Amino acid sequence: LVRAQESSSWFSVKELRPQVWVIGDHGADNMYVIEGSDSALLVDTGLGAADLLACVKKITSKPLIVVNTHGHPDHSGANYQFEKVYMHPADFEAARSYNTPEARSGASRSMTGDAAPGEEEKFKGEIHNTKLMAVHEGTIFHLGGRNIRVMETPGHTPGSLCFLDVENKLFFSGDNNNGLVWLFLGNCLPLNKYLVTLQKQESRLYEFTTLLPGHGPEMSSQFVKDQVKCVQGILDGSLERKPYQSFAGNAMIATFGKASVAFNPDNL
């Protein structure tokens, strides 16, 4: 079994902490494997362009539990490789709608250019009609000496979730706590609702010290304070707004400290 860093041409694997690995999805997103003494948890399934299941099996041989932080195609794209996936029911529909070969190739092109995995890296296993299993605030996954607690964090999507490694104070935050958070997509909640989520996290900072986000490197949990100030500054008009453009659409963007939020001014 792999214990050190191993890279294929599509996935990169790095052990961040004892029994915690980040899988890089050709630079597009982060997935995480957390291993306990009894089982392992896979946080997010990425774009689904390559054989994620084979990659995970090189990291751990423990029975695997799969969770999605939310239903977007760069976080739930390889769900088809697994029999069941746990997520918030508010994002079931999104995850199902994106889980087609067309949606996967479209998301992969948008986020990696024209990159494609080598023939030997493509998934050739059984395509599952994945069973989506509901989890909610406070659900705990017991991995054996390691307990992973679910936190509901609506904003980026209605059903966004974060996962707290209770004993190790690690917080796997999906797209809720990226350096740049997108709040302008069609199914994003209004900015004031996202602020409530951030304030809930801020009130629980004693529970976690490190953020392991869906995109970009790990950060101190204190970053949440910058996010709160950023959203408050957008809502009260005190922060400068600039135009923002992306493959997913145009928006306005504001920054406070290390935190940036791209938002729809008509959805505050």
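Cys55 is buried, with a relative accessible area of 8%. Buried here means under 20% relative accessible area, exposed means over 50%, and partly exposed lies in between (1.4 Å probe, protein chains only). The model is predicted, so local features need pLDDT of at least 70 and side-chain atom pairs count only at pLDDT 80 or more, while totals for chains, interfaces and linings use all residues. Residues are numbered from 1 along each chain as its sequence is written, and side-chain values use heavy atoms, with hydrogens and water left out.

Cys188 is also a buried cysteine, at 6% relative accessibility. Its closest cysteine sulfur is in Cys162, 14 Å away, which is too far for a bond. A disulfide is a covalent bond between the sulfur atoms of two cysteines. The criterion applied was a pair of cysteine sulfur atoms within 2.5 Å. A search of the whole structure found 0 disulfides.

Helices (H or I, at least four residues) and strands (E, at least two) are DSSP runs, numbered from the N terminus. Helix H5 covers residues 223-235 and has 13 residues. From first C-alpha to last, H5 reaches 19 Å, close to the 18 Å expected at 1.5 Å a residue. That expected span is 1.5 Å times one less than the number of residues. The buried residues of H5 include Phe223, Val228 and Ile234. Among the elements that cover them are helix H4 (191-203), strand E14 (210-213) and strand E17. Just after H5, Gly237 takes a positive phi of about 80 degrees.

Strand E17 (residues 249-256) pairs with strand E16 (residues 242-246) in the antiparallel sense, over 5 bridges. Two strands pair if DSSP finds at least two bridges between them. E16 and E17 form a hairpin, with 2 residues between them.

Two loop residues were also examined. Thr130 is found in the loop between helix H3 (101-112) and strand E8 (131-134). Thr130 counts as buried, at 13% relative accessibility. Its side chain reaches the backbone oxygen of Asn79 at 2.7 Å. A polar atom of the Thr130 side chain also lies 3.1 Å from the backbone oxygen of Phe82.

Asn168 sits in the loop between strand E11 (161-165) and strand E12 (170-174). At 35% relative accessibility, Asn168 counts as partly exposed. The side chain of Asn168 makes a polar contact with the side chain of Asp165 (3.0 Å). A polar contact is a pair of N or O atoms within 3.5 Å; within protein, one must be able to donate a hydrogen and the other to accept it, and residues adjacent in sequence count only if both atoms are side-chain atoms.

How values were computed
Contact = heavy atoms within 4.5 Å.
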